[in-house]
Amino acid sequence: MIRAASVAEVRAAEAVALAQLPEGELMQRAAEGLAGVAAARLAERDGRTVVALVGAGDNGGDTLYAAGLLCDAGFACVVVLLPDSGRDGVHAAGLRAAEEAGASVVVASDDPAAAAAAVAEGDLVLDGIVGIGGRPGLRPPAAALVDAIADDAWVVAVDVSSGLDPDGLDPEGDAVWADETVTFGVPKPAHLLPPGEAATGRLTVIDIGLDLAAVPAAVERLIHDDVAALWPVPGPGDDKYSRGVLGVVAGGELYTGAAVLAVTAAVESGVGMVRYVGTPTPTGLVRHAVPEAVVGEGRVQAWLIGPGLDPEAPGDEAAAQLQVARDALASDLPVVVDAGGLDLLSGPRAAPTLLTPHAGELAGLLSRWGSPVSRADVEREPVRHARSAAEQTGATVLLKGSTTIVVGPAPEGPVRSQADAPAWLATAGAGDVLAGVVGMLLAAGLAPLDAGSLAALVHGVAADRASGGGPLRATAVAGALRSTIRDLLRRDPT
């Protein structure tokens, strides 16, 4: 599992290390790690010229020392000092080390054109403008220098891309979009959350000796090696009932395919049994596509409510289906609530509950519950709105997107973040497949936070395999689940 720590926790760990180490040791470790990564990238790309964009503070100091080390290694280095800092505002010892090693220094406020021209010549650019103490957005002089970076330069952000909120909560304004971020000690929330993950690029973590054993995670991400420890694998004493029976209330006469996709995904991912409740057309389709499913009510360990469900559907069959859904929501069983099922929520549930909206559905839910929100608002601040929904409903919320966010109702709990799927997965029916996997895991006894994040990982990996770099349909994702899970369970974590 990848764990990211908040800025406050990182600062506290750094303070402990600074009190125990010789002066400057921590910065030297960071600079050596940064220089080593930069040298490797230059070698890979046959690059010779390094440009260091340097602002005030320790982040600029790390960058200056790294520039000096790269000069010593034979690279041509230019240090561009940001207009807001100049010579007097940057780390003095770091600047002296860079100059003594042979780096050229350009003060942007003295000659903005010369500074921009120098930036444009860099094969590799170190973004040392601001670090974890920075605020969202770039000031115009810094933005102008960033705009001067050549399209084919390799951009390495130092600790965090300048312009991002390091804690990953405030939407970024103008920010550096790095090809790679070299961070120190531990990832920061911005590296794993939607506002900043795309601007982070490849993430490389350098161990600088911080004691992080007791530091709580602000953000967590499951990796492939976590699947074997979490996935419910049956033992010799298990039967279909002990493995988990999932009740599925999905589909209708308008959206018939959602039921097939959700039930197929649950069966392909290993549920003990599915009991399906639907109207005549999707029921016939489920009988044909998934003969293993049992049609009708009965005892279950968990419910999946909502894929393709129309709460306004007319007719006696639809009314009977909706009543089963409402009874399930009123029960003390774990429930996954997706799509149309979200409209049936009338209050918090005491039993384990996982909501799986996309941004538009979450906006609708929050607005119905008294917090007028638009889809654009949710997309702009996904963590904030997912947490708000979790706190109001008492449920765990899985907010679907290119980076999927899973948060529990406790405000102090970590955010789970998964980004395992290809962009091709943005296709009709993909959410129905995900809902089936989540429902299976909930029926098998997993807690909602683990069920949601584990399902998002497996769903994304299955999609990547089914896509192979090209288009895919949701049916193909469901069909790839069995082999994907098998191979993930066989992985050797060593």
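User: Why is the contact between Asp 487 and Arg 486 called a salt bridge?

Analyst: In this predicted model, the closest N and O atoms of Asp 487 and Arg 486 are 2.9 Å apart. A salt bridge requires a side-chain nitrogen of Lys or Arg within 4 Å of a carboxyl oxygen of Asp or Glu, so the pair qualifies.

User: What makes Asp 487 count as partly exposed?

Analyst: The relative accessibility of Asp 487 is 27%. Buried means under 20% and exposed over 50%, so Asp 487 falls in between. Arg 486, at 40%, is partly exposed as well.

User: How do you know that Arg 41 and Glu 180 form a salt bridge, and which parts of the chain does the pair link?

Analyst: Their closest N and O atoms are 2.6 Å apart, and the limit is 4 Å, so the term applies. The pair links distant parts of the chain: Arg 41 belongs to helix 2 and Glu 180 to strand 7, 139 residues apart. Together with Glu 44, these two residues are linked in a network of salt bridges.

User: Are Arg 41 and Glu 180 buried or exposed, and why?

Analyst: Arg 41 has a relative accessible area of 10% and Glu 180 one of 0%. Buried means under 20%, therefore both residues are buried.

User: Why is Glu 121 called exposed?

Analyst: Its relative accessible area is 56%, and exposed means over 50%; Glu 121 is therefore exposed. This residue lies in the loop between helix 6 and strand 5.

Notes: Residues are numbered from 1 along each chain as its sequence is written. This is a predicted model: local features need pLDDT of at least 70, side-chain atom pairs count only at pLDDT 80 or more; totals for chains, interfaces and linings use all residues. Side-chain values use heavy atoms; hydrogens and water are left out. Helices (H or I, at least four residues) and strands (E, at least two) are DSSP runs, numbered from the N terminus. Buried means under 20% relative accessible area, exposed over 50%, partly exposed in between (1.4 Å probe, protein chains only).
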